[in-house]
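Welcome to this guided tour. Please open your viewer and get ready to select a few places one after another.

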Amino acid sequence: MFLDKNFLVPGKWGQKLFHTYAKQQPIVDYHCHLEAQTIYENKQYENLTQLWLNDQGVGDHYKWRLMRTNGVVEELVSGKGDDYQKYLAFVGTMEKAIGNPIYEWSHLELRRYFDIELTINQENAPMIWALANKKIRTNDYRPQELIRLMKVKAICTTDDPADSLEYHRKLASEVTDFKVLPTFRPDKIWSIDQVDYQEYLKKLEQLTGSRLHDFDSLKRLLTERIDYFAQAGCRLADHGLNHFVYEAATTEELDDILQKAQQGFCAFSQLEKNQFITAIQLHLMRVYLEQGWTMQMHLNAFRDDSRRLKAEIGANVGGDSMGDQPALTANVVKLLAVAEEGSGVPKLILYSLNPNDWLPLITAAQSFQGGGMQQRIQLGCAWWFNDTCEGMREQLTTVAQQSLLANFTGMLTDSRSFLSYPRHEYFRRVLCQLVGEWVEQGRLPEDEAYLGQIIEDICYNNAKNYFGFFDE
């Protein structure tokens, strides 16, 4: 029963759609936090902890949050504690995690990568550790082989405009059966209130040989970096807009803001920060449209809630939460309307960490479709805290009811772990569960070929075609 071949798809039609059409599809992971250098170096891990939980302070913060909640000391979460003790602490946490998707994902990871069907508990912990480690210490469990095992055809990393993309280029010249492509992540460009912003601008000037003297010169520098990323195969941009308020500004106001930032000034008003962010969004949208890129906006998140945790350990370690910005959609609509009146709106995926935004965002997106472009704007998948069975069902239902589900580009991992790809299987099971239910309720025709094609498209074909990763 537990995680049997039909888990999450109890109905006849859901089973048929999953096993015949979804299960065997390759994977396009169009948003994750794997490192191109790690993939290229293809190192051999020593044990399950390093691959699963914590490798030199880098790991799966989904799991770290639960371990802290279970009272695990930080040394055994993100720290330098003994690997086996870290593993045992995670096992103890999983025993308490029934109903949490990480419980199901972790068992799936053991099954799909290691053929281990034991329940994660203290009794089985020594045997799981021994069986997994025996395989991990072989060449078949290096990063590139793990990617191949899961039939991943494209991975899009998350990269700062100042990145050299050295390892992306090396991978492109040496690896032919899957792609590792950069994603342009320009969040630091508009983070004018950060204490290191002045140094970041200087780094960009040195990198490009440009001199930033006004806002127009900053726009030219960004365009140059976009061209550089495009030459390395980039087809995507990703904007982390935790809080977004549309505010127009004059050229003189933007020049003044940039000049103060270059002088090391950090105490900007909220209006100034909003103006600077807005102006950069509009410029980048124009350039992305010219490049044929897809822009992603990750919205409404609180970052680094615990200042102590950030100070002691750093960012992206599990100290974030769901945002509650009011009038978010109204501000996104203003941005899209102004962009539309100007050069136009690029292909765009809107994610919000707060599911209360999904219906307003997707209905707003429908107002900006057209121009002969299929699904110019779409609602992103159930992201981060929402990638539960119920969250996925809600997101899929919202897309179906307000847009065209058959055009949806499917799932991503948003992960820092090479063992996260069973999350795509989880999503595919939920998708087939939902569509199968609609058939059994008489809401869809019993047409296997028709529905099977839609399932295949959502699982793989739509992402492959929408982003153009494989276009020559």
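This is a predicted model: local features need pLDDT of at least 70, side-chain atom pairs count only at pLDDT 80 or more; totals for chains, interfaces and linings use all residues.

In which loop is the place of D193? Select D193 and you will be in the loop between β6 (183-184) and α10 (197-208).

Residues are numbered from 1 along each chain as its sequence is written, and side-chain values use heavy atoms, with hydrogens and water left out.

**Stop 1: around D193**

Is D193 buried, exposed or partly exposed? D193 is partly exposed, because its relative accessible area is 29%; buried means under 20%, exposed means over 50%, and partly exposed is in between (1.4 Å probe, protein chains only).

Now show the surroundings. Leaving out residues up to four places away in sequence, D193 touches C266, F268 and K273, where contact means heavy atoms within 4.5 Å. Pick K273 from that list: D193 and K273 are 80 residues apart in sequence, yet their C-alpha atoms are 7.9 Å apart in space. Their side chains are joined by a polar contact of 3.4 Å. The side chain of D193 also makes a polar contact, again 3.4 Å, with the side chain of Q194. A polar contact is a pair of N or O atoms within 3.5 Å; within protein, one must be able to donate a hydrogen and the other to accept it, and residues adjacent in sequence count only if both atoms are side-chain atoms.

**Stop 2: strand β5**

Next, select L181, which is found in strand β5 (residues 179-181). L181 counts as buried because its relative accessible area is 8%. Not counting residues up to four places away in sequence, L181 touches I155, C156, T157, H168, A232, G233 and F469.

**Stop 3: the two domains**

Zoom out and colour residues 44-140 as domain 1 and residues 142-467 as domain 2. These bounds come from an automatic or database domain assignment. How far apart are the centres of domain 1 and domain 2? Taken over C-alpha atoms, 29 Å separate them. At their meeting place, 24 residues of domain 1 are in contact with 29 residues of domain 2.

**Stop 4**

Which residues line the largest cavity? Select G59, D60, H61, Y62, D414, S415 and R416. This cavity holds about 30 Å³ of space, and a search of the whole structure finds one cavity of 30 Å³ or more. Its lining draws at least three residues from each of domain 1 and domain 2. By class, there are one nonpolar, three polar and three charged residues in the lining.

Here is how such spaces are found. On a 1 Å grid over the protein atoms alone, a cavity is a set of points where a 1.4 Å probe fits but cannot get out, and a pocket is an open set with protein on both sides within 12 Å along at least five of seven lines; lining residues have an atom within 4 Å of a point. Grid points are joined across faces, edges and corners, and a volume is the space filled by probe spheres set on the points. Ala, Val, Leu, Ile, Met, Phe, Trp, Tyr, Cys and Pro count as nonpolar, Asp, Glu, Lys and Arg as charged, and the others, Gly among them, as polar.

**Stop 5: an open space**

Now select F18, K23, R112, M150 and E425, which lie nearest the centre of the second largest pocket. About 360 Å³ of space lies in this pocket, and 20 residues line it. Which helix gives the most to the lining? Select α18 (422-440), which supplies five residues. By class, the pocket lining has seven nonpolar, three polar and 10 charged residues.

**Stop 6: W384**

Finish at W384, in the loop between β12 (377-379) and α17 (389-402). W384 has a positive phi of about 60° although it is not a glycine. W384 counts as buried, at 5% relative accessibility.

Definitions and conventions. Helices (H or I, at least four residues) and strands (E, at least two) are DSSP runs, numbered from the N terminus.
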